[in-house]
Amino acid sequence: MAATNTTTEAGDAPKNGVYEDRKIALVTGITGQDGSYLAELLLSKGYQVHGIIRRSSSFNTGRIEHLYADPVAHMGGSMHLHYGDMTDSSCLVKIISEVRPTEIYNLAAQSHVKVSFDLSEYTANVDALGTLRILDAIRTCQLQDKVKFYQASTSELYGKVQEIPQTETTPFYPRSPYGRINCTFLLSPTIQFDRLKRPSLALFNYTFLVY
Ligand SMILES: Nc1nc2c(ncn2[C@@H]2O[C@H](COP(=O)(O)OP(=O)(O)O[C@H]3O[C@H](CO)[C@@H](O)[C@H](O)[C@@H]3O)[C@@H](O)[C@H]2O)c(=O)[nH]1
């Protein structure tokens, strides 16, 4: 896998401060199940897609290799990968300032419920603080009025469900560190950025609730 730092098109200065004509998406968790499907969809819609991936000694790009124009050389096309980590604020600021995305999709997560009991501190660091780091990076790059932000959430918010089916008004009842951490960051964009366009979706195996 060759992670690139391509910023030529993405880093173009906005005309009169307007970014809306550009379709540049930054996807965290792009190597995951949902991130890879999202990247595929965005590319099919003509987006330039930038993904943040963690360094790994074993290959972790199996789900997105077909999205390169040249899958053998891992090059070409509209997908660009950047090494980064949700626990590293400086790399998030650097990537966002270089890419200057018009849309950010935060799908990176320690998403395994059982593992969230075993690694609760790490899960909170990546899932909750990682989200705050992205939001802070958007503000540091002064993009809060220009970027649309999407936060992936989870049906684990409802853990011990209080009503069936769940709706936007169903009370949360998380029963795992993963679910509880998702409750925390679901509220954080509201607190930090009144003006940020920020849909948050609880993902229900591909049925979506929009907040
Ligand atoms: N860059 C970066 N990526 C990370 C980090 N930690 C985890 N990731 C990435 O986050 C992705 C998680 O992928 P999966 O484990 O396959 O999870 P998923 O099923 O796609 O989960 C997504 O959907 C869930 C709901 O269906 C969400 O609840 C979850 O938060 C996530 O967005 C992977 O690409 C993983 O490498 C990190 O610190 N840095």
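Of the 211 residues in the protein chain, 45% count as buried, where buried means under 20% relative accessible area, exposed means over 50% and partly exposed lies in between, with a 1.4 Å probe and protein chains only. Before you click further, know that this is a predicted model, in which local features need pLDDT of at least 70, side-chain atom pairs count only at pLDDT 80 or more, and totals for chains, interfaces and linings use all residues. Residues are numbered from 1 along each chain as its sequence is written, and side-chain values use heavy atoms, with hydrogens and water left out.

**Stop 1: the whole chain**

Start with a cartoon view. You will find five helices and seven strands in the protein chain, with helices (H or I, at least four residues) and strands (E, at least two) taken as DSSP runs and numbered from the N terminus. Follow the chain from the N terminus and the elements run β-α-β-β-α-β-α-α-β-α-β-β.

The accessible surface of the protein chain comes to about 10,900 Å², and 52% of it belongs to carbon and sulfur atoms; accessible areas come from the Shrake-Rupley method with a 1.4 Å probe, and for residues only the protein chains shown count as cover. Among contacts (heavy atoms within 4.5 Å) between residues at least 6 apart in sequence, 69% join residues at least 24 apart.

**Stop 2: the ligand**

Zoom in on the side chain of T31: one of its N or O atoms is 2.6 Å from an oxygen atom of the ligand. For the side chain of D34, the distance from an N or O atom to a ligand oxygen is 2.7 Å. At S153, a polar backbone atom is 3.1 Å from an oxygen of the ligand. Taken alone, the ligand exposes 770 Å², and the protein buries 86% of that.

Colour the shell by element next.

S153 sits in strand β5 and counts as buried at 5% relative accessibility. Its side chain makes a polar contact of 3.2 Å with the side chain of N182. A polar contact is a pair of N or O atoms within 3.5 Å; within protein, one must be able to donate a hydrogen and the other to accept it, and residues adjacent in sequence count only if both atoms are side-chain atoms.

**Stop 3**

Select residues 89-99, helix α2, and show side chains: C91, L92, I95, I96 and V99 are buried. They cover an arc of only 125° around the axis, so they lie on the same side of α2; the arc is that of the directions from the helix axis to the C-beta atoms. An α-helix has 3.6 residues a turn, so residues three or four places apart point the same way.

What do the buried residues of α2 pack against? Look for β1 (24-28), β2 (48-53), β3 (79-83), β4 (103-106) and α4 (120-140).

In α4, pick A137, which is buried with a relative accessible area of 1%. Not counting residues up to four places away in sequence, A137 touches L92, V93 and I96.

Draw a distance from T102 to R22: their C-alpha atoms are 6.9 Å apart, although 80 residues separate them along the chain.

**Stop 4**

Most residues other than glycine have a negative phi, and most peptide bonds are trans. With that in mind, select R100, which follows α2 and has a positive phi near 45°.

Next comes Q142, not a glycine but with a positive phi of about 55°.

Finish at P165, in the loop between β5 and α5 (177-192). The peptide bond from I164 to P165 is cis, with omega near -5°.
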